Amino acid sequence: MTEIITAEEMSRQREFTEKVARLNSQREQPPVAHVHTFGCQQNVSDGEKIKGMLSGMGYGFSDSPEGADIVIFNTCAVRGNAEDRVFGNLGALKHEKRRNPDIIIGVCGCMVQQEHVVKKIKRSFPHVDLVFGTNALHTLPELIFGQLTERKRSFYVPGGDGVIAEGIPLKRENSLKVSIPIMYGCNNFCSYCIVPYVRGRERSRAFSDIIAEAKAAVDSGAKELLLLGQNVNSYGKELGSSFSELLRAVNAIPGEFKICYMSSHPKDATRELIDTIAECEKVTRHFHLPVQSGSTRILKEMNRHYTREDYLKITEYIREKIPDAALTSDIIVGFPGETYEDFCETLSLIREVKFDSLFTFVYSPRKGTKAYDLPDPIPEEEKGKWFRELLSVQGEIGRNMYEKYVGRTLRVLCEGTGRTKDSLLTGRTEQDVIVDFDGDERLIGQFVSVKIEQAFDWILVGKSVE
């Protein structure tokens, strides 16, 4: 059952924040923190909360762990290489601990919700002082106070279905593009995915809290609101609300901005939701619908709750209702038991749908998931061949899809300096396509009309027009 963190508990954490701030104010030099976030946008959002709490405690920030007074790794557990990077970085901090025995080294996030990871940190990384799980994020002030006053190793990884804690201060990474979590956790239990085990069960934030945060962001100058959840399409089910209702309410907030969202699950991509997006002028014309495989047999093994035919019906309706929409997706290559025939069904699906772009991955086994124990007879070398074939097919499709924009004038949110040349500016269209274009830096943060002159397989290039 979801635990709502009480206002009294949040007030108690603010008292610890003040206690730490008083301790830090007595130092000769202001203390510095280094926070490194791995993984998805939800983790980035959690990193903003960690920095917000640390800022209130009197910490400044550094891009490097060298010379820092506190280092926190905010971790991801979705793929094995993400965990390997964390362990590598933790190992390197052993030398920093020798140079500065007073440094506080902490690890939080999805990785530490796994028992075998906590055991490994206890055994192999004795220089790590603090480990706290996803359900303990709001207790960081209390945990830091304990480190400063007692200097004992602390492991706090509460279980349960998950918590919702409102009122955690934020230090935004980007004031132009603001992330707003609308829900946490996941109920889908895809057989390859560790997320429900480390993030807990699906739980939605109160409608009023989301709208209040969205209004405050727009009032502060945000031009893009990214609504976050493991499956935003199922927002509000336990509240008697829906994602469609939420989108309409955010769309009605006065101001010039656009609305994005991630992630979506195809099984909950209803016609009502597609109709809502078509009618809401501020919602991006971009659908990222992770299909994962084009084989109905493999989709069943993945526990995805839709068939190939179901997915094609969804994309057909999107094309019908929003002809200029961009479609992107995720593909897993080499799921246990997948044959080359199954993989060819994936190739035929991407040829039929014609995705603008894909995020592609070779299957990564995750201990604790159902797929982890499935027979996996296909050699990694063979999976690599399939992966390269997929990239080749999608590369040609992507180039053709981007060519359709040449000659068109698109509305682009200017975000900064160019990706292809420093002399250009860059931004994203309402279809979430990256565009480089000429213009003055004063355009950053504004919506700009850009006429597209060139198309590549990952970016468009054009000129700003009046």
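First, a term: two strands pair if DSSP finds at least two bridges between them. Helices (H or I, at least four residues) and strands (E, at least two) are DSSP runs, numbered from the N terminus. What you see is a predicted model, in which local features need pLDDT of at least 70 and side-chain atom pairs count only at pLDDT 80 or more, while totals for chains, interfaces and linings use all residues. Residues are numbered from 1 along each chain as its sequence is written, and side-chain values use heavy atoms, with hydrogens and water left out.

Now the pairs. Strands 9 and 12 run parallel and are joined by five bridges. There, K177 stands opposite E224 of strand 12. Strand 12 (residues 224-228) also pairs with strand 13, again parallel, over five bridges. Across that pair, L226 faces C260 in strand 13. How does the chain get from strand 12 to strand 13? It goes through helix 8 (residues 243-251), and this β-α-β crossover is right-handed. That means the path from the first strand over the helix to the second runs clockwise, with the strands pointing away from the viewer.

Is strand 13 largely enclosed or open? Four of its five residues (258-262) are buried, so the rest of the structure largely encloses it. Buried means under 20% relative accessible area, exposed over 50%, partly exposed in between (1.4 Å probe, protein chains only).

Strand 5 (residues 104-109) pairs with strand 6 (residues 130-132) over three bridges, in the parallel sense. Contact means heavy atoms within 4.5 Å.

On to the cores. A nonpolar core is a set of buried Ala, Val, Leu, Ile, Met, Phe, Trp, Tyr and Cys residues joined through side-chain atoms within 4.5 Å. The largest has 67 residues, and those with the most contacts inside it include I182 and F243. Helix 13 (residues 380-403) gives the largest share of this core, six residues. Apart from it lies another core of 25 residues, V71 and V118 among them.

Last, two single residues. N24 sits in helix 1 (residues 7-25). Is N24 buried or exposed? N24 counts as buried, because its relative accessibility is 6%. Leaving out residues up to four places away in sequence, N24 touches P31, M57, Y59 and L148.

S64 lies in the loop between strand 3 (60-61) and strand 4 (70-75). At 27% relative accessible area, S64 is partly exposed. H36 is 28 residues from S64 in sequence, and 8.9 Å away in space, C-alpha to C-alpha.
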